[in-house]
Amino acid sequence: MSSDAHDCQIPFTPTPRDFSGFPVPTSVPNGMRLELSRSRIRPGQEDTFDEWMNMLNSRPDELQVGLPAERQVFEATFRHIEADGSTWIYHLSLMGEDGRGNDESIPIDAAHVAYSKQAKEPGWEELEPRFMLAPSKLLEMMKSYAETGHGNEGSRQN
């Protein structure tokens, strides 16, 4: 099989934009969504993908600004190179049901969206969540943040 990234053999079929999501497993607290999404990096844009991730990694404080409105409890991005040489981005996210997307009036979010449009194929394939586990104290904090966009910073529990 060719290792030429321009000769992708693995199909990419983005989930329709109006997809309401998979049923949430009972292990995910009410009011939260757990998502794992993937998209193919456009052939020839692998360096742009690296620039994008380096930009995000170099500006963590700025990224914190948009999290409350997004109700983003946790997110992580992974890269995977398939056997055919194609590069894929995987995005894991735990958020409140009423969270919204990136706010492009925030400069880091605008840059994030611009890199996304340049580096990856449009859309995402959604993987079906089946199970989630976290310590109960963390779950309570995550539920609060997913609901309000604010943690329990003022309360201390020992």
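The side chains of His 91 and Glu 75 are joined by a polar contact of 3.0 Å. The model is predicted, and this pair is a starting point for reading it. His 91 belongs to strand 3, which covers residues 87–96. Its relative accessibility is 18%, and because buried means under 20%, His 91 counts as buried. Leaving aside residues up to four places away in sequence, His 91 touches Glu 35, Leu 36 and Ser 37, then Glu 75, Ala 76 and Thr 77, and also Trp 124.

Strand 3 runs antiparallel to strand 1 (residues 32–40), and nine bridges join the two. One of the pairings can be followed from Leu 34, whose bridge partner in strand 3 is Leu 94. Strand 1 also pairs with strand 4 (residues 125–127), in the antiparallel sense and over three bridges. Here Leu 36 has Leu 127 of strand 4 as its bridge partner; Leu 36 is also among the residues that His 91 touches.

Helix 4 takes up residues 107–119. The buried residues of helix 4 are Ile 108, Asp 109, His 112, Val 113, Ser 116 and Ala 119. Viewed down the helix axis, these buried residues fall within an arc of 145 degrees, and therefore line one face of helix 4. They pack against helix 1 (46–58), helix 2 (60–63) and helix 3 (67–70). The face turned away from the buried side of helix 4 carries the exposed residues Pro 107 and Lys 117.

How values were computed:
Residues numbered from 1 in each chain as written. Predicted model: local features only at pLDDT ≥ 70, side-chain atom pairs only at ≥ 80, totals over all residues. Heavy atoms only, no water. Helix = DSSP H or I, 4+ residues; strand = E, 2+ residues; numbered from the N terminus. Buried < 20%, exposed > 50% of the residue type's maximum accessible area, 1.4 Å probe, protein only. Polar contact = N/O pair within 3.5 Å; in protein donor to acceptor, adjacent residues only side chain to side chain. Contact = heavy atoms within 4.5 Å. Pairing = 2+ DSSP bridges. Expected span 1.5 Å × (residues − 1). Arc of directions from axis to C-beta.
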